[in-house]
Amino acid sequence: MLIISLAQIQLAFNVSALQVSIGGIVEDFNTSPSSVSTALVVYSLAVAAFVMLGAKLDKMIGSRLMFQGGILVHGVAMGMMALSTTPDRMIQIQGLAGLVAALMVPSLVVLIATHYQGKQQAQALGLLGAAQASAGVLAFLIAGALGTFLSWRYAFGLLVFVAVAIFFLSFRLKQVPRQTGMKIDWNGVILIASAVTLLSLGFNYLNAWGILVATSNAPFNILGLSPAPIMIVFGIILGQLFFSWSYLRGKKGKPTLIALEVLDTSEERYTTYVLLIIGALGPAINFLIPLYIQIVQGRSSLQTAVAVIPYSLAIFFGTAMIVRLFDRLTPRMIARYAFVTIVVGLVMLAFTVSNDWGTPMVILSLVIVGVAEGSLLTLVFNVLVSASPKELAGDVGALRGTVNNLSTALGTAMVGALAVGILGVLIAGLAANHPSIPPELLDQVNLDNVDFVSNDQLEELLAATSATPEEVAAAVAINEDARLRALKASFLALAGVAMLAIVPAGGLPNVLPGEIPVDQPQKGAAGRKKKKSGAAA
């Protein structure tokens, strides 16, 4: 369990270190926070697009061998990350790391299913979720300290040594036999990879390219329309085609990229929806917090770490301890209570956050959200794994990897676009109506490309204009007000999403261990599977 958890920590540490290092990367590369957001999206996109292919390769090569090879290549990618010199290079490396993670994610679930059964398996899945949460704590502490006193690069260089240690320890894991004679549905690979890519890029560039009408930043337009919403629509269509294609192949007895049995009950489908939502909310919050503390307040990576540690510890606590409630509350009850708790926490956060992030009410709000978020992550993962037989563990891992990383990309992209969009509207309105800001000054500033900038960056920008000291002071005040209001509005929007999630949460199993649902079919594979889903969860 320690070996598997360390591998999960290494994968998750990379993502958390990127988030906490926003300030250092922006300064080092002389770029905008959007570059870091794009790197996160590209990483998650690569995992989501190819994790189903990774599950098939895992079966063909063997889970332990795939695990060992993946951990070494991921270590090499982290070394390259530490030596990167440009934003484009950073984004490319994160794409490589995402491809490697796509190969490793299914093997983690298979290795747990190989080593543990029954109640121990549920505890192991909880520990796997706790390992992912602990990576956030470690990243904020280690990457925060290294980024403050040395450089953000050292945190990624450290992962090279972690990868080597995990590789040598991995020989203690059991061998998982390869499945010979397997064939890969390459048409399915193309369909799901294209769908995920279009969805991720469409949401990521929604603000930059235009929500409906194409902006000047759009690479092209279709009759004046932005390509971003068009990509989203086509991504949804290709996703539907993928599942239709897989269903038709399955009926003919041909191999599919993912076993659709992992989604053949309504409970499993609703559980997947819940995973998609909570998987988007967490990264969205994790992106807003460092963005505000480092860019808006101008604080260091270490100060960011100190501010975020309570939130990360709360997620860790929720993932590890929610297993104790599985014998007392049904998955449906836990999910609904958790989403209500997240709504309360986010509303509290929206009304209490100010230019002083470290107030007790802000910390309490983050803790409330973190406990509920961690509980949901462990709950939905356990429901999905326990609903399917051991031989489908890799497919469940692939499903989890696709949904989790697609939601990470969508959550980061959407909240980034939302926050920047609100900021642009606020700044344009406040500046146009401010008595100290003349129209001549607005003509010298491009308000079509508004982004979160520090006061120093804004003053440097205005130094190249005809702005007087009084006008600069007014612009700084407008920027401070707009940034804070954009952050508050973003948190309220996330609370709205969490409130809507209560609906799909009602589709989770509503039985305790050992109970049989009243609508349980008496015969057939689907009936047996549904019974297992309710009881095991």
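Which element supplies the largest share of the lining of the second largest pocket, and how many residues does that come to?

Mentor: Helix H15 does, with 11 residues of the lining. The model is a predicted one, in which local features need pLDDT of at least 70 and side-chain atom pairs count only at pLDDT 80 or more, while totals for chains, interfaces and linings use all residues. Residues are numbered from 1 along each chain as its sequence is written, and side-chain values use heavy atoms, with hydrogens and water left out.

The pocket itself holds about 1,400 Å³ of space. Its lining has 48 residues, and those closest to its centre are Leu199, Tyr273, Leu276, Leu406 and Leu410. A pocket here is an open set of points on a 1 Å grid over the protein atoms alone, with protein on both sides within 12 Å along at least five of seven lines; a cavity is a set where a 1.4 Å probe fits but cannot get out, and lining residues have an atom within 4 Å of a point. Grid points are joined across faces, edges and corners, and the volume is the space filled by probe spheres set on them.

At least two lining residues of this pocket come from each of H8 (186-204), H9 (206-209), H10 (227-251), H11 (266-296), H15 (393-433) and H18. Helices are DSSP runs of H or I with at least four residues, strands are runs of E with at least two, and both are numbered from the N terminus. The chain has 20 helices and 0 strands.

Thr272 lies in H11 and counts as buried because its relative accessibility is 10%. Buried means under 20% relative accessible area, exposed over 50%, and partly exposed in between, with a 1.4 Å probe and protein chains only. Beyond its neighbours within four places in sequence, Thr272 is in contact (heavy atoms within 4.5 Å) with Leu263, Leu384, Leu399 and Val403.

In H10 there is Arg249, which is buried at 16% relative accessibility. With neighbours within four places again set aside, Arg249 contacts Asp185, Lys254, Pro255 and Thr256. Leu223 sits in the loop between H9 and H10 and has a phi near 55°, a positive value in a residue other than glycine. Most residues other than glycine have a negative phi. Leu223 is exposed, at 85% relative accessible area.

H18 (residues 469-500) contains both Asp481 and Arg485, 4 residues apart, which is about one turn of the helix. The two form a salt bridge (a side-chain nitrogen of Lys or Arg within 4 Å of a carboxyl oxygen of Asp or Glu), with the closest N and O atoms 3.2 Å apart. By that rule the count is 1 salt bridge. Asp481 is partly exposed at 32%, and Arg485 is partly exposed at 39%. Thr465 and Leu441 are 24 residues apart in sequence, with their C-alpha atoms 7.3 Å apart.

The whole structure has 1 cavity of 30 Å³ or more. The largest cavity has a volume of about 670 Å³. Its lining has 36 residues, and Ala12, Gln132, Pro283, Asn404 and Thr408 are the closest to its centre. Two or more lining residues come from each of H1 (2-20), H3 (33-61), H5, H6 (118-149), H11, H12 (301-321), H14 (360-386) and H15.

A nonpolar core is a set of buried Ala, Val, Leu, Ile, Met, Phe, Trp, Tyr and Cys residues joined through side-chain atoms within 4.5 Å. The largest one has 141 residues, of which Leu18, Phe67, Phe339, Ile342, Leu346, Leu376 and Leu494 touch the most other members. Helix H5 (residues 87-115) gives the largest share of this core, 14 residues. Apart from this core lies another, of 11 residues, including Ala431, Val472, Ala474 and Ile478. Across the chain, 82% of contacts between residues at least 6 apart in sequence join residues at least 24 apart.
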